[in-house]
Amino acid sequence: MSSETALAAGQRARGLAPFLRSQMRNIAPFLTLIFLSGFFAFASPSFATLDNLGNILTQVSVTGIIAVGLTFVILCAEIDLSIASIANVTGIAVAYFTLQESYVNIANIPLPGAVAIILSILLCALLGLVNALGLTVIGIPSFIMTLAMMQIAAGISALLVRGQIAYKVPSLITTLGSGSIGGIPWIVIVAAIMLLGGHLVLTYTRFGRYVYMVGGNREAAEYAGLNVKLILGAVMIISAVCSGIGGMLGVAHFGSAQQNEFDTYLLDSIAAVVVGGTSLFGGRGGIGNTIVGLFVLGVLNNGLDHVNIDSFLKILIRGLILLAALVINVYAQRLREKAVE
Amino acid sequence: MPETRSPILELQGITKSFGGVEALRGVDFALYPGEIHGLVGENGAGKSTLMKIIAGVHTEFSGRFLIDGTETHFRSARDAHAAGIAMVHQELSVAPDLTVAENVFLGNQPTNALGLVQWRRMAREAGEQLARFGIDVDPMSRLGDLPIGLQQLIEIARVLFSGARIVILDEPTSALSPPEVERLFTTLRRLRAQGTSIVFISHFIEDILRVSDTVTVFRNGRKVAETASAATSKGALIEAMIGRGGEALEHSYTDDLMLPQPSESPVVLKVDQLSLARSLKDISFEARAGEVLGIYGFMGCGQQELSRILFGKLKPDGGTLFVDGTPKTFASTAAARRAGVALVPESRRDMLFHQEPVYKNISISILDRISSLLLKPAQERDIAKRQVEQLQIRPPVVGLDLGMLSGGNQQKVALAKWLTYPPKLLVLCEPTRGMDVGAKNDVINIVRDLRTKGLAIIVLSTEPETVLSLADRILVLKRGAVVREFRNEPVSKDRLLEAA
């Protein structure tokens with residue numbers, strides 16, 4: 001122990017700079033968040049209020065729920081492009097299995113609420129399983145496999161609603177998606193619980209360690225006798241189920257279920273994970289990073305509304321922020337490799 | 001003779017540390033034009049670190065760095081390259097999917113006025129260069145299809161002919177067969193005559209003595225000796241390297257060694273008629289508990305593929321594996337591990353997590369034995385500490401990132417992860433490659449200790465010394481087939497080489 005303390009001291013004695021450099025991936029997103037918050041607080045008196053904090057939290061909740069699963073996938077150095085489509089189809093499915101008002105022209109199958117929820121979760125898990133099998137058994141790169149799944153899930157959505165809009169979902173989903181308790185929206189609580197759960201799994205369980213090791217060096221994980229395919233398959237299913245939950249609550253939150261409802265969530269979720277500092281090369285980062293990333297995105301989206309900016313310019317600004325985050329992500333990886341070398 | 005000339009490269013008082021651990025302490029080093037300078041030292045003694053400083057890989061250090069008498073500071077390997085310094089690293093770094101010619105000209109393909117690659121010219125010139133090296137291959141064949149030894153020679157050839165004034169070779173001979181080593185030495189001597197300066201790092205002290213003009217010895221990050229090669233001996237160098245009576249440690253295996261009576265203990269692994277595409281042909285053998293089976297052969301003889309099949313990483317085209325008498329087809333490496341098979345592959349880059357701490361590298365294969373759902377980090381660290389102590393891994397800090405350890409110590413970590421819950425069958429590929437005498441002996445002792453505990457152990461190596469120092473029974477593998485078995489009979493390096 002004493003030698004370890006001595007070494008830790010030695011590492012510190014090397015100076016603050018190398019330590020900061022190795023921690024760049026965690027520090028940079030945090031600084032971005034502080035900078036953006038400071039900027040908007042200065043630029044708009046309505047930004048830095050408790051009410052608006054509540055708005056931001058609510059606005060990032062659906063993205064947060066989806067990003068939990070995506071964090072697992074990106075930690076394994078894979079990608080899931082089907083998250084938004086799976087969210088959409090699951091949200092549509094839960095409405096499809098619920099009795100709609102008579103003016104909704106969908107040939108749906110009304111079932112008891114609990115059954116509708118279970119069937120919808122099974123649906124997204126099944127789609128995740130297809131992703132998992134394509135990736136591990138057939139060996140299709142996740143980028144392409146989930147691109148196909150994006151279309152498949154969108155196709156199922158289209159067949160279920162046929163251009164119509166459904167409004168009713170089971171009451172549990174309605175509560176969790178649009179209700180609140182003691183002034184706090186349920187959807188924020190669900191997102192917080194799922195983020196916490198994801199963090200606990202990644203940090204304290206054997207499975208979580210395996211995720212990091214597979215992402216850190218897949219070849220080495222295989223030589224250590226880990227079942228790499230099983231772990232990769234599991235993260236694809238986790239991702240699909242998180243997306244599905246996000247989709248169901250999202251439908252309740254928006255008050256309707258329709259085609260292409262979640263399209264912006266693909267980019268937002270990937271951005272949240274990556275802006276937060278989780279490495280696209282796998283093995284580095286975690287839910288903590290994703291939470292910071294969610295806030296960066298949330299503050300940015302919300303803040304731009306407060307400063308009365310050209311809404312067309314907003315899109316460009318978001319793109320530039322994402323680019324900056326990607327540059328930092330790649331740069332942080334390089335700095336860390338240098339520090340370890 | 002060198003004293004009359006001025007050094008092309010001079011380092012003064014170089015100090016470099018990693019994570020508070022000093023890898024080099026006040027080292028002076030000078031290299032003269034037309035000199036072959038040998039470097040020896042145990043793993044972690046600082047040789048590779050010094051060379052990486054010269055090659056611009058490590059850019060942060062203290063001390064003076066002079067080229068042609070001018071103080072210089074490289075900011076990257078590219079700067080070093082521009083200054084005429086080239087290095088061949090210990091691990092093969094070639095592009096297996098490109099052609100031989102593309103690999104030879106990697107980064108500077110001949111192009112015409114439009115910037116298009118001149119394929120015919122490139123192929124012709126690559127062929128000519130390789131021919132000067134005694135390598136006769138089709139320059140347009142895919143590099144990855146060639147045997148590893150040949151790939152390594154081509155990589156060395158590329159660097160030697162790149163026009164560099166200073167060439168650093170880190171363990172260039174470990175993957176080469178004796179005739180290939182000869183070819184390399186001939187070329188090195190020719191380049192020396194043309195005025196190129198060469199730094200040659202090797203654990204094969206005979207090789208160093210044969211080819212170099214000067215030898216520098218490192219120990220614990222310090223330079224402990226520098227002498228003309230003609231004025232020293234293997235024994236003297238080993239003594240300087242390890243700082244204790246070295247004679248007894250290095251066995252040359254030129255005399256006959258008597259293999260013991262074949263073991264009668266239970267068969268742990270039976271391999272029946274195993275075959276794999278072009279690599280393996282009808283291989284059958286048995287490995288018994290408490291026995292070390294050595295498998296010797298030149299690079300590319302099929303050893304690597306065989307080891308991967310035993311650990312479920314590759315699927316054979318035909319044949320059966322029996323573990324404890326039960327036929328097994330491993331669907332994954334996880335299945336092989338559960339069946340009690342462990343593999344330590346030869347490449348450290350592939351088998352370890354360089355950005356993770358030592359203890360996570362050690363515990364990874366036994367996590368399911370020590371924890372169910374939740375991790376037990378304290379227990380992981382305890383287990384790792386015990387292994388680090390037992391295997392004398394330096395520095396003995398389980399929280400340090402693995403990448404900060406020297407190569408030999410990384411190799412010990414790779415072994416350590418299998419030792420807390422010993423497997424039934426331990427497959428070791430090149431267990432002592434690139435290791436110094438002291439670490440080699442440590443590994444040999446560990447393997448012998450495991451044998452007495454009743455493990456069946458298979459040691460695959462292209463170094464006769466490794467097999468001879470460990471094995472109770474030896475199979476010789478040649479072009480994917482078992483061509484000879486040595487058991488209960490005298491065996492020596494010569495006899496092995498002859499059989500292969």
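Predicted model: local features only at pLDDT ≥ 70, side-chain atom pairs only at ≥ 80, totals over all residues.
In chain B, four strands make up an open, antiparallel sheet that runs in the order β2-β1-β4-β5.

Strand β4 (residues 62–67) of chain B pairs with β5(B) in the antiparallel sense, over two bridges. Which residue of β5(B) does L66(B) stand opposite? That would be E71(B). As background, strands in a sheet pair through backbone hydrogen bonds, and they can do so parallel or antiparallel.

Now for where the chains meet. On the chain B side, 33 residues are in contact with 26 residues of chain A. Three helices of chain B, α10 (333–338), α11 (348–351) and α13 (367–370), each put in at least two residues of the side that touches chain A. The largest share, four residues, comes from α10(B). Sorted by class, the side of chain B that touches chain A has 16 nonpolar, 10 polar and seven charged residues.

Over in chain A, helix α6 (residues 113–138) is worth a look. It has 26 residues and reaches 36 Å from its first C-alpha to its last, close to the 38 Å expected at 1.5 Å a residue. Its buried residues include A116(A), I117(A), S120(A), L123(A), C124(A), L127(A) and N131(A). An α-helix has 3.6 residues a turn, so residues three or four places apart point the same way. What covers the buried residues of α6(A)? The cover includes α5 (83–96), α7 (142–161), α8 (171–178) and α12 (228–254) of chain A. Just after α6(A), G139(A) takes a positive phi of about 90°.

An unreviewed UniProt entry annotates several stretches of chain A as "transmembrane region", among them residues 111–130 and 312–332. Here is how those two look in the model:

| Span of chain A | Distance between end C-alpha atoms | Helix and strand content |
|---|---|---|
| residues 111–130 | 26 Å | 90% helix, 0% strand |
| residues 312–332 | 31 Å | 100% helix, 0% strand |

Terms used: Residues numbered from 1 in each chain as written. Chains lettered and ligands numbered in written order. Pairing = 2+ DSSP bridges. Contact = placed C-beta atoms within 7 Å. Nonpolar A, V, L, I, M, F, W, Y, C, P; charged D, E, K, R; others polar. Expected span 1.5 Å × (residues − 1). Buried ≥ 20, exposed ≤ 12 C-beta atoms within 10 Å, placed from the backbone. UniProt positions renumbered as here; feature names shortened; annotations may be inferred.
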